[in-house]
Amino acid sequence: MKIGSNVTGQMVTALKRLGFDRVFDTNTGADFTIMEEANEFIERFQNNDNLPMITSCSPGWVKFIEMNYPELLPHLSSCKSPHEMFGALLKSYYAKKEDIDPSKMYVVSVMPCIAKKFERQRQEMKNNGLYDVDNVITTRELARMIKQANIDFVELEDSKFDEPMGEATGGGAIFGTTGGVMEAALRTAQDTLTGESLEKIEFEAVRGGEGIKRATVNIAGKDIKVVAASGLANARTILEEIKQGKADYQFVEIMACPGGCVMGGGQPIKSSKIRSEIDVRKLRADSLYSIDEKSTIRKSHENPVLKKIYEEYLEKPGSYRAEKLLHTTYQERKKYNI
Ligand code: SF4
């Protein structure tokens, strides 16, 4: 299949054939992360509290700052990453709704990321003594499992995600590429601050494959200085600027892998048969932007699934229950001491 092919529907079919009872969309979890993160950013921005706020959805990055720049930890958003938020909601909201004992659920996240295997074992990623997520397999491992099960992936028909947590927005889809988290959060922040559903959806300034993208965006009549960086060398550059007081950013997105999760350590490795001039990162990122463009709903806060779950269960972003289930804490870690 061509690099950047959208195989979401076939992946759902393959997971069902492998024996999973339910298959949900992690991008719904990304929409929750955006809701909580945009709300947290607005609060911090309005109170000039611990700015810049730095994103926290990349566990490779989170561990890097815990080990190397613990003095900057107050800048991290307290939001869990999308799959952790999702696991916490599956074992609370969904379990209650479906009358399932959460201790009998086994939640597996399929991720582009090896660092999420460590993240899911953090003691903070538990609720009522149960881990939010019980196991993480990478996309590369899933591909291997599909081959071992003799499933002819290319020939598979598409299936839909299970309800009620199977619907996501374009904002959730672009989470996987550098600048995507920032753009999705700005979409929600601008509508929240103005109280309107604005026509502006795309923030081109934070798109593209550069390792560091600095921009000033105007939302609700206010200039906000933002930067999106990917790759840990670039993360270090930004942290040094902040530490030395040389930067006045208000919102920072950092992803550990160069290019973001599309180039995550758990993704299929570029085969030697693929010509070197082919830009895998761009093809994969273009695929996510195309999913976003074709989505009928492109802003996380307009996702009907989220609206329902906030109404029925969480109340609102940043509520007591949302804080308990969807947010976390960080700690200084010694290097190589996991
Ligand atoms: S950028 Fe890399 S380390 Fe961070 S979440 Fe994505 S795949 Fe994982």
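## Around the ligand

Helix H3 gives the shell around the ligand its largest share, 3 residues. This is a predicted model. In total, 14 residues surround the ligand. The closest are Ser58, Gly60, Cys113, Cys257 and Gly264.

Helix H3 spans 59–68, and helix H5 spans 115–119. Each supplies at least two residues of the shell. By type, the shell holds 9 nonpolar residues, 4 polar and 1 charged.

## Two crossing helices

Two packed helices are described by the angle between their axes and the distance between the axes. Take helix H2 (residues 26–47) and helix H4 (residues 82–98). Their axes come within 7 Å and cross at roughly 100 degrees. H2 and H4 are therefore roughly perpendicular to each other.

On the H2 side, the contact uses Thr26, Thr28, Gly29, Ala30, Phe32 and Thr33. H4 brings Pro82, His83, Met85 and Phe86. The residues of this contact are 5 nonpolar and 5 polar, with no charged ones.

Most residues other than glycine have a negative phi, and most peptide bonds are trans. The peptide bond from leucine 51 to proline 52 is cis, with omega near 0 degrees. Proline 52 sits in the loop between H2 and strand E1 (53–54). Another cis bond joins glutamate 163 and proline 164, with omega about 5 degrees. Proline 164 is in the loop between helix H6 (139–148) and helix H7 (170–173).

Asparagine 48 has a positive phi, near 50 degrees. Its place is the loop between H2 and E1. Asparagine 48 counts as exposed because it has 8 C-beta neighbours inside 10 Å. Aspartate 99 also has a positive phi, about 55 degrees. Aspartate 99 lies in the loop between H4 and strand E2 (108–111). It has 6 C-beta neighbours inside 10 Å, so aspartate 99 counts as exposed.

Terms used
Residues numbered from 1 in each chain as written. Predicted model: local features only at pLDDT ≥ 70, side-chain atom pairs only at ≥ 80, totals over all residues. Near = placed C-beta within 6 Å. Helix = DSSP H or I, 4+ residues; strand = E, 2+ residues; numbered from the N terminus. Nonpolar A, V, L, I, M, F, W, Y, C, P; charged D, E, K, R; others polar. Axes fitted to C-alpha atoms, helices over the stretch in contact; angles between N-to-C directions. Parallel < 35°, antiparallel > 145°, perpendicular 65-115°, else oblique. Contact = placed C-beta atoms within 7 Å. Buried ≥ 20, exposed ≤ 12 C-beta atoms within 10 Å, placed from the backbone.
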